[in-house]
Amino acid sequence: MKIHIKYMVSLRCKLAVKEELDKLKLKHTTIDLGEVVLKKNIHAEDRELLRKALLKKGLELIDDKKSLLIERTKNVIIELVHYAEKYPKVNVSEYLSKELDYNYTHLANLFSEVTGTTIVNYIILNKIERVKELLLYDELSLTEISYLMEYSSVSHLSNQFKKVTGLTPTYFKQIKQYKKRIQLEELL
């Protein structure tokens, strides 16, 4: 049986979910971003206990199909932007359609309707958060980061970064008090 969990976007979230499943003695086979496969069906009482435990950790069980599809879309984007070695050179609309097995127009319309922003904007927000992370690591030059994140040029990256953050990447790297990144679950 699969259960779906909202805001589950990091390894820390996966560990928190595993902890709660273990406390409730709910056997599982896999725990992925936004999804857990249980070995057997969950009883209503256990589901409610899990729901309450997850809420305390800032996570939510997803019950309706729209929310589930939006969360799956976000998780595919997060994996694409944050967990790939290099941002792949792909057509995002085709990639999302293939990964989620839905027409991109349907996905885009639903995403905009539910979240109030576009898929493209959500990808940009995630890419900028990844760029912030890479800038803070201070291991790569802006040119290398631009290449890694598949920007057409350093100028394109810098313009997009400034549009989102109000700062240039260079200035962001220099100042200490602004170095706090936005948590992925807070992007939307």
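Glu113 is exposed, with a relative accessible area of 54% (buried means under 20%, exposed over 50% and partly exposed in between, using a 1.4 Å probe and protein chains only). Its salt-bridge partner is Lys66, with the closest N and O atoms 2.9 Å apart; a salt bridge here is a side-chain nitrogen of Lys or Arg within 4 Å of a carboxyl oxygen of Asp or Glu. This pair ties together distant parts of the chain, Lys66 sitting in helix 3 and Glu113 in helix 5, 47 residues apart. Lys66 itself comes out as partly exposed, at 42%.

A quick word on the ground rules. The model is predicted, so local features need pLDDT of at least 70 and side-chain atom pairs count only at pLDDT 80 or more, while totals for chains, interfaces and linings use all residues. Residues are numbered from 1 along each chain as its sequence is written, and side-chain values use heavy atoms, with hydrogens and water left out.

Back to helix 5, which runs over residues 104–115 (helices are DSSP runs of H or I with at least four residues, numbered from the N terminus). Its 12 residues reach 16 Å from first C-alpha to last, close to the 16 Å expected, where the expected span is 1.5 Å times one less than the number of residues. Leu107, Ala108, Leu110 and Phe111 are its buried residues, and the buried residues of helix 5 pack against helix 3 (65–82), helix 4 (92–100) and helix 6 (119–137), contact being heavy atoms within 4.5 Å. At the start of helix 5, a side-chain oxygen of Asn103 comes to within 2.7 Å of the backbone nitrogen of Thr105. Just past the other end, Gly116 adopts a positive phi of about 85 degrees.

Altogether the structure holds 12 salt bridges. One of them joins Glu20 to Lys23 at 3.4 Å, N to O, with both residues in helix 1 (residues 11–23), 3 residues apart or about one turn. Glu20 counts as buried at 6% relative accessibility, whereas Lys23, at 54%, counts as exposed. Glu20 and Lys23 also belong to a network with Glu19 and Lys57, joined by salt bridges that share partners.

Another pair, Glu48 and Arg51, meets at 2.5 Å, N to O. These two are 3 residues apart in helix 2 (residues 44–56), so about one helical turn separates them. An α-helix has 3.6 residues a turn, so residues three or four places apart point the same way. Glu48 is partly exposed at 32% relative accessibility, and Arg51 is partly exposed at 30%.

Definitions and conventions:
A polar contact is a pair of N or O atoms within 3.5 Å; within protein, one must be able to donate a hydrogen and the other to accept it, and residues adjacent in sequence count only if both atoms are side-chain atoms.
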